[in-house]
Amino acid sequence: MQRDILIVGAGIFGASIAFHLARAGLGERVLLLERGQPAGGATSRAAALVTQVRDDPALIALVQETFRAIATLEDEFAEDVGRRTVGALHAGPATQADALRAIATHAARFGIAGEWLEGDAARTAVSRRAPWLAPEQAACAVFFPDECFVEPYLLSTAYQRAAGQLGVKLRQDSDVRAIRHADGQTQGVELADGTLLPASIVINAAGAWANLLSVPLGLPLPMAPVRSQYWISEPADCFPRDGAIVLLPEIRAYARPEVGALLFGVREKTPVAADPRTLPADLAGFVFDPYDAEGWNNLAEGADYLLPYFPKLESLGIAHYITGPSNYTPDGRLILGRHPDIGGLFVATGCNGNGIAFSGGVGRFIADLVCDRPGFLPADLAAGFAPARAGQFDPFSPEFLNACAATRAKKRSG
């Protein structure tokens, strides 16, 4: 059988799409194309929080699909994705009580189990699950026990291996330079060496580079690669290995345990976006900001907000700094769907820093479209992800890149 479904990009989205298409019975038709190492780009650099609590009902549904996909990988395919179900504490001082109660009420509407904590109960929970957190800054909290994090490379390769068992093939060293079409229908892709791969369906899951393939087709995608960064402390006794994920909405910060240390991030006031035309194929050594290549300036800025919550930061050593591109959109929504004018062409990108958490939902969303079956999202919610929603514009202009960066600055969820 001809492999007439091509997925461009074997990162977390491409791998999940391959898995969900294979689960739909199309595995023998799917070829997953990757120019480098699968999951070797932005995927492997993710903090990999898988948290359901979101403002947008559509995003909650995507994450819940990821939980189902992980369970399938673990139960039916015996895959270890490094899942750590440690729960998540949304915490803050007493002045944040109303905002945190609103989070708890909103989550309950979607069946997300949560426990309201204040006073002694909050202090006890912090002492047990996040002893590094200053008690006075966690006078109230909501604890969601089912939230987790995973090892991003393991999850991505688990999707890929399970897809392979169901017939999907992976082709590496396949640098896609163009998507070909004629008479309003996808024809396939052209590789950098001139090879033409025919296909009736092409799925652009090229991550930070997706616009390089989409713009020539008259579909500028409303997203840009924005620097995502986090730090990992040196190990210390105040970081329990089974400690909770901690979200501090007031200061746009998050943290999770990392093998006896703490992985944490603080969203900077002025994030940096990159023109995707300047991104190398291999992100190793790529620097968003040459004036702050190791993130010290941003850590110093964030420390002003973080120190009252995390006083040991002042004396604790930093062992690692991790950075990579996350694709942000001005409206904070993903880009999922069909090309409006070219049949057989689909797009899956715009993770807004949550690619791991959304991966299962993205895979199912695109598989439903390809299979022309009813989707799991109501039509009004799915419409918000439309790739052509921004119309015609220049996705490489400085003004647009800055608009995408501003979305990261406002992000408060996991």
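1. Strands (E, at least two residues) and helices (H or I, at least four) are DSSP runs, numbered from the N terminus. Ala-224, Val-226, Ser-228, Tyr-230 and Ile-232 point one way from strand 13, while Pro-225, Arg-227, Gln-229, Trp-231 and Ser-233 point the other way; all are buried.

2. The model is predicted: local features need pLDDT of at least 70, side-chain atom pairs count only at pLDDT 80 or more, and totals for chains, interfaces and linings use all residues. Residues are numbered from 1 along each chain as its sequence is written, and side-chain values use heavy atoms, with hydrogens and water left out.

3. Which strands pair with strand 13? Two strands pair if DSSP finds at least two bridges between them. Strand 17 (residues 318–328) pairs with strand 13 in the antiparallel sense over 10 bridges, and within strand 17 the bridge partner of Val-226 is Ser-326. Strand 16 (residues 261–266) also runs antiparallel to strand 13, joined to it by 2 bridges; here Trp-231 has Phe-264 as its bridge partner.

4. Val-266 belongs to strand 16. At 6% relative accessibility, Val-266 counts as buried. Not counting residues up to four places away in sequence, Val-266 touches Trp-231, Ile-251, Arg-252, Ala-253, Gly-302 and Leu-306, contact meaning heavy atoms within 4.5 Å. Val-266 and Ala-15 are 251 residues apart in sequence and 29 Å apart in space, C-alpha to C-alpha.

5. Ala-15 is one of the buried residues of helix 1, including also Phe-13, Ile-17 and Leu-21. Helix 1 is largely enclosed by the rest of the structure, because 12 of its 15 residues are buried.

6. The largest nonpolar core has 54 residues. Such a core is a set of buried Ala, Val, Leu, Ile, Met, Phe, Trp, Tyr and Cys residues joined through side-chain atoms within 4.5 Å. Ile-7, Leu-21, Leu-155, Ile-203, Leu-334, Val-370 and Phe-385 touch the most other members. At least two residues of this core come from each of several elements, among them strand 1 (5–8), helix 1 (12–26), helix 5 (152–165), strand 12 (201–204) and helix 8 (355–370). Which helix gives the most to this core? Helix 2 does, with 10 residues. Apart from this core lies another, of 32 residues, among them Val-126, Trp-132, Leu-248 and Leu-262.

7. The surroundings of Leu-334 illustrate the 54-residue core. Leaving out residues up to four places away in sequence, Leu-334 touches residues including Phe-13, Leu-59, Leu-62, Phe-358, Val-362 and Phe-385.

8. Leaving aside neighbours within four places in sequence, Asp-4 is in contact with Arg-29, Ala-199, Ser-200 and Ile-201.

9. Two backbone angles deserve a reader's attention. Most residues other than glycine have a negative phi. Ala-48, in the loop between strand 2 and strand 3 (49–50), has a positive phi of about 65° and counts as buried at 4% relative accessibility. Val-259, in the loop between strand 15 (253–258) and strand 16, has a positive phi of about 50°; Val-259 counts as exposed, at 56% relative accessibility.

10. For the protein chain overall, the secondary structure comes to 10 helices and 19 strands. Buried residues make up 58% of the 414 residues. The C-alpha trace spans about 65 × 45 × 35 Å along its principal axes. Among contacts between residues at least 6 apart in sequence, 77% join residues at least 24 apart.

Terms used. Buried means under 20% relative accessible area, exposed over 50%, partly exposed in between (1.4 Å probe, protein chains only).
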